[in-house]
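Here are my notebook entries from a sitting with this model.

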Amino acid sequence: MKPLRIALIGTGFMGKCHALAWRNLRAVFGAGIPDIHLEVLAESNSELAAQKAAEFGFARSTDDWRAAVNDPVVDLVSITTPNGMHREMAVAALNAGKHVWCEKPMALTLADAGVMAAAAKEAGRVTALGYNYLQNPAILTARRLIDEGAIGRIIDVRGAVDEDYLADGGKPWSWRMTLAEAGLGTLGDITCHLVSLLHYLVGPITEVAALTAVAHENRPLADGGGATGVVENDDIAHALVRFASGVGGVLQSSRVAHGRKNLIRIEIHGSLGMIVFDQERLNELQLYTADGPAETRGFRTILTGPQHAPYGLFCPAPGHQLGFNDLKVIEAANIVAAIEGRPSHLIDFASGYRIEAVIHAIACSAQEQRWLAVA
Ligand SMILES: NC(=O)c1ccc[n+]([C@@H]2O[C@H](COP(=O)([O-])OP(=O)(O)OC[C@H]3O[C@@H](n4cnc5c(N)ncnc54)[C@H](O)[C@@H]3O)[C@@H](O)[C@H]2O)c1
């Protein structure tokens with residue numbers, strides 16, 4: 001088996017996550033995985049690049065992401081920079097013949113996401129977006145239960161994604177609040193994760209009617225000088241949605257929801273029962289089935305364990321629990337499977353574009369105050 005040689009761009013929250021995933025992949029998934037060579041790491045300055053390459057175990061470092069992307073030995077580029085850089089970096093990597101693992105959201109605008117999807121199609125390389133929550137064995141189990149008819153016909157869908165990282169109005173202004181570097185706000189940052197899960201569990205969203213809000217219109221600049229920056233994108237976004245099946249649903253999302261750390265709550269209401277999942281309790285599914293004696297009916301907790309693949313590859317004991325970084329290892333395993341032509345469970349640039357179309361339709365619907373079809 002040929003080794004897989006990796007370039008990593010960016011070493012913040014997600015950069016470390018990708019590095020850990022590549023480092024742990026073979027240890028977790030075994031000899032079916034090729035040798036992973038951490039070849040070159042790119043950062044915005046050479047000191048940070050060298051420091052992070054040493055910490056993460058990369059052989060070389062550079063302050064020039066183009067050199068990493070065009071490096072002839074590199075097979076795959078992990079892109080973990082802010083949203084505004086994804087399009088240029090991903091298209092350059094694809095044009096250089098590399099596979100690409102890019103963080104979500106794809107880009108600042110739907111048009112840019114379209115450029116990325118077209119470049120992926122043209123290049124014929126494997127592409128994957130960082131929709132890690134989709135890799136959770138609990139989510140795979142939810143899908144299997146739905147397919148097996150455990151809750152009957154889906155009749156209603158509720159989804160919420162809430163965090164409080166900007167709940168404090170005194171939190172400094174940053175790139176995440178600008179149209180130029182982040183694009184959409186809560187929609188691009190976290191609503192897209194909810195849409196990725198609902199597309200997998202229920203099917204594509206085809207129509208939306210939305211409202212968005214900014215909770216804190218100005219925030220202090222980080223230099224402490226007293227000046228403020230304008231928040232240009234949504235803090236809160238809610239939508240009524242319709243799926244291709246005709247079923248309706250409600251999506252709620254906020255990055256200013258005090259007390260919510262990583263709530264991604266999904267309720268799939270069926271004609272015979274209900275499935276509930278919450279990412280803050282990512283090793284659990286709640287299942288209610290309307291059968292058996294009425295006096296003992298109730299939601300039961302399914303705790304994931306080795307019988308929920310690939311949990312057992314991480315840990316032989318049920319209930320000991322997977323974590324966020326483990327989902328990224330599973331995502332990397334699926335990327336390798338796709339490269340080797342085996343079945344894989346990923347959001348590539350084509351299916352990622354359909355997620356972007358939903359979040360941009362929500363933003364437009366809120367602006368135009370009417371129902372919109374998803375482009
Ligand atoms: N999948 C998830 O659950 C998840 C979670 C958080 C963030 N994200 C996404 O990951 C991306 C990065 O977010 P983050 O939280 O890691 O941000 P971050 O600010 O922690 O890290 C960004 C990194 O990119 C580097 N960088 C900036 N310009 C660069 C350049 N020209 N060349 C090389 N490196 C450069 C920065 O120095 C920094 O190390 C965003 O698109 C975000 O939406 C995804």
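**Entry 1: ground rules.** Before looking at any pairing, I noted that two strands pair if DSSP finds at least two bridges between them. Helices (H or I, at least four residues) and strands (E, at least two) are DSSP runs, numbered from the N terminus. The model is a predicted one, where local features need pLDDT of at least 70 and side-chain atom pairs count only at pLDDT 80 or more, while totals for chains, interfaces and linings use all residues. Residue numbers start from 1 along each chain as its sequence is written.

Entry 2: I began with strand 7 (residues 154-162), which runs parallel to strand 12 (residues 248-254) and is joined to it by 6 bridges. Strand 11 and strand 12 make a hairpin with 4 residues between them. In its turn I noted G246, with a positive phi of about 100°.

Entry 3: What is the strand order in the open sheet of 6 strands? I read 3-2-1-4-5-6, with parallel pairing. Strand 3 (60-62) and strand 6 sit at the edges and each pair on one side only. On average, neighbouring strands of this sheet are turned by 20° against each other, direction ignored. Strand 2 (residues 36-42) pairs with strand 3 in the parallel sense over 3 bridges, and V40 has R60 in strand 3 as its bridge partner. Helix 4 (residues 86-95) packs on the sheet, touching strand 1 (4-9), strand 4 (76-79) and strand 5. The direction of helix 4 makes about 160° with that of strand 5.

**Entry 4: two domains.** The domain assignment gives domain 1 (4-132) and domain 2 (136-322 + 348-373); such bounds come from an automatic or database assignment. Their centres, taken over C-alpha atoms, are 25 Å apart. In the contact I counted 21 residues from domain 1 and 19 residues from domain 2, where contact means that the C-beta atoms of two residues, placed from the backbone, lie within 7 Å. Which element gives the most to the side of domain 1 that touches domain 2? It is helix 5, with 6 residues. By class, that side has 15 nonpolar, 5 polar and 1 charged residues. For these classes, Ala, Val, Leu, Ile, Met, Phe, Trp, Tyr, Cys and Pro count as nonpolar, Asp, Glu, Lys and Arg as charged, and the others, Gly among them, as polar.

**Entry 5: helix 5 on helix 10.** The axes of helix 5 and helix 10 come within 9 Å and cross at roughly 170°. Helix 5 and helix 10 are therefore roughly antiparallel, a label used for angles over 145 degrees. From helix 5, L110, A113, G114, M116, A117 and A120 meet F349, A350, Y353, E356, A357 and H360 of helix 10. The residues of this contact split into 9 nonpolar, 2 polar and 1 charged.

**Entry 6: around the ligand.** I looked up the 20 residues around the ligand, and G10, G12, F13, M14 and E103 come nearest; a residue is near if its C-beta atom, placed from the backbone, lies within 6 Å. Helix 1 gives the most to this shell, with 3 residues. The shell has 6 nonpolar, 10 polar and 4 charged residues.

Entry 7: Most residues other than glycine have a negative phi, and most peptide bonds are trans. I noted a cis peptide bond between K104 and P105, with omega about -10°; P105 is in the loop between strand 5 (99-102) and helix 5. Another cis bond joins A309 and P310, with omega about 0°. Q321 is not a glycine, yet has a positive phi of about 85°.

Terms used: Axes are lines fitted to C-alpha atoms, for helices over the stretch in contact, and angles run from 0 to 180 degrees between N-to-C directions. Angles under 35 degrees count as roughly parallel, over 145 as roughly antiparallel, 65 to 115 as roughly perpendicular and the rest as oblique.
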